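Please look over the sequence and the model before reading the points below.

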Amino acid sequence: ERMTLLINDLLTVARLNDTHPLKFQYVDLLDLAIEGVSQAQKRVVDDRKIALDMAAEGRLGLQADRDRIKQLIFILLDNALKYGKAAPEGQITLRLDKRQGMAELCVIDNGEGIVSEDLEHIFDAFYRGRHRSSTNAQIIGTGLGLTIASSIVLAHNGSIHVCSEPGNTEFRVLIPCVD
């Protein structure tokens, strides 16, 4: 099962880096965010809630590959579920906003945070930081999720950044808007 995950992730990275054509179409980021939060909520094993905060008014239209943006949202929410604080204190928020013609997607959790030495490597392939989940369980993954997320964002002419300190980690994605 882990080998299958690794192979699928490697293929995704190769396709994104090999100028594999994306299927750009008009997508509404709000619709994808609602779907992503719903799917993530089904994977929650405790009573933790995932909130959707729509700071912008109206829809956030993108010319984007629908499946890849869904994958981006999945990766960021999955990361927050793995590394965020467990219930009852755990909180995850997916916030959408619009700033200067860019759709802004932020995933925020209140976990232990990312060690400062790890921040500069967080998007590197196979990099696994010194971080463990709030339950001290070993996290299962390939070390490619954030690499894939970064590749997806770059393929959409966007940017991705992370800010972290104990009690607050925020991944911020900016992608050009068409609305």
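The model is predicted. The protein has five helices and seven strands, and 45% of its 179 residues are buried.

**Overall layout**

- Read from the N terminus, the elements follow the order α-β-α-β-β-α-β-β-α-α-β-β.
- Among contacts between residues at least 6 apart in sequence, 72% join residues at least 24 apart.

**Helix 3 and helix 5**

- Two packed helices are described by the angle between their axes and the distance between the axes.
- For helix 3 (residues 66–83) and helix 5 (residues 145–155), the angle is about 145 degrees and the axes are 9 Å apart.
- The crossing of helix 3 and helix 5 is left-handed.
- On the helix 3 side, the residues in contact are Arg 68, Ile 69, Gln 71, Leu 72, Ile 75, Leu 76 and Asn 79.
- On the helix 5 side, they are Gly 145, Leu 146, Ile 148, Ala 149, Ile 152 and Val 153.
- Sorted by class, this contact between helix 3 and helix 5 has nine nonpolar, three polar and one charged residues.
- An α-helix has 3.6 residues a turn, so residues three or four places apart point the same way.

**Helix 5 and what follows it**

- Helix 5 is mostly covered, with eight of its 11 residues buried.
- The buried residues of helix 5 are Leu 146, Thr 147, Ile 148, Ala 149, Ser 150, Ser 151, Ile 152 and Val 153.
- Just after helix 5, Asn 157 has a positive phi of about 60 degrees.

**Cysteines**

- A disulfide is a covalent bond between the sulfur atoms of two cysteines.
- How many disulfides does the structure hold? The structure holds zero.
- The closest cysteine sulfur to that of Cys 106 is in Cys 163, and because it lies 9.2 Å away, it is too far for a bond.
- Likewise, Cys 163 is in no disulfide, and its nearest cysteine sulfur is that of Cys 106.
- Is Cys 106 buried or exposed? Cys 106 counts as buried because its relative accessibility is 0%.
- Cys 163 is exposed, with a relative accessible area of 52%.

**Asp 28**

- Asp 28 lies in strand 1, which covers residues 24–28.
- With a relative accessible area of 10%, Asp 28 is buried.
- Which backbone nitrogen does the side chain of Asp 28 reach? The side chain of Asp 28 reaches that of Leu 30, at 2.8 Å.
- Leaving out residues up to four places away in sequence, Asp 28 touches Arg 59 and Leu 60.
- Asp 28 and Ala 64 are 36 residues apart along the chain, and their C-alpha atoms are separated by 9.3 Å.

**Ser 164**

- Ser 164 belongs to strand 6 (residues 159–165).
- Ser 164 has a relative accessible area of 19% and counts as buried because the cut-off is under 20%.
- Its side chain reaches the backbone nitrogen of Ile 114 at 2.7 Å.
- The side chain of Ser 164 also makes a polar contact with the side chain of Thr 169, at 2.7 Å.
- Beyond residues up to four places away in sequence, Ser 164 touches Gly 113, Ile 114, Leu 119 and Thr 169.

Key. Residues numbered from 1 in each chain as written. Predicted model: local features only at pLDDT ≥ 70, side-chain atom pairs only at ≥ 80, totals over all residues. Heavy atoms only, no water. Helix = DSSP H or I, 4+ residues; strand = E, 2+ residues; numbered from the N terminus. Buried < 20%, exposed > 50% of the residue type's maximum accessible area, 1.4 Å probe, protein only. Contact = heavy atoms within 4.5 Å. Polar contact = N/O pair within 3.5 Å; in protein donor to acceptor, adjacent residues only side chain to side chain. Disulfide = S-S within 2.5 Å. Axes fitted to C-alpha atoms, helices over the stretch in contact; angles between N-to-C directions. Left-handed = near helix turned anticlockwise from the far one by under 90°. Nonpolar A, V, L, I, M, F, W, Y, C, P; charged D, E, K, R; others polar.
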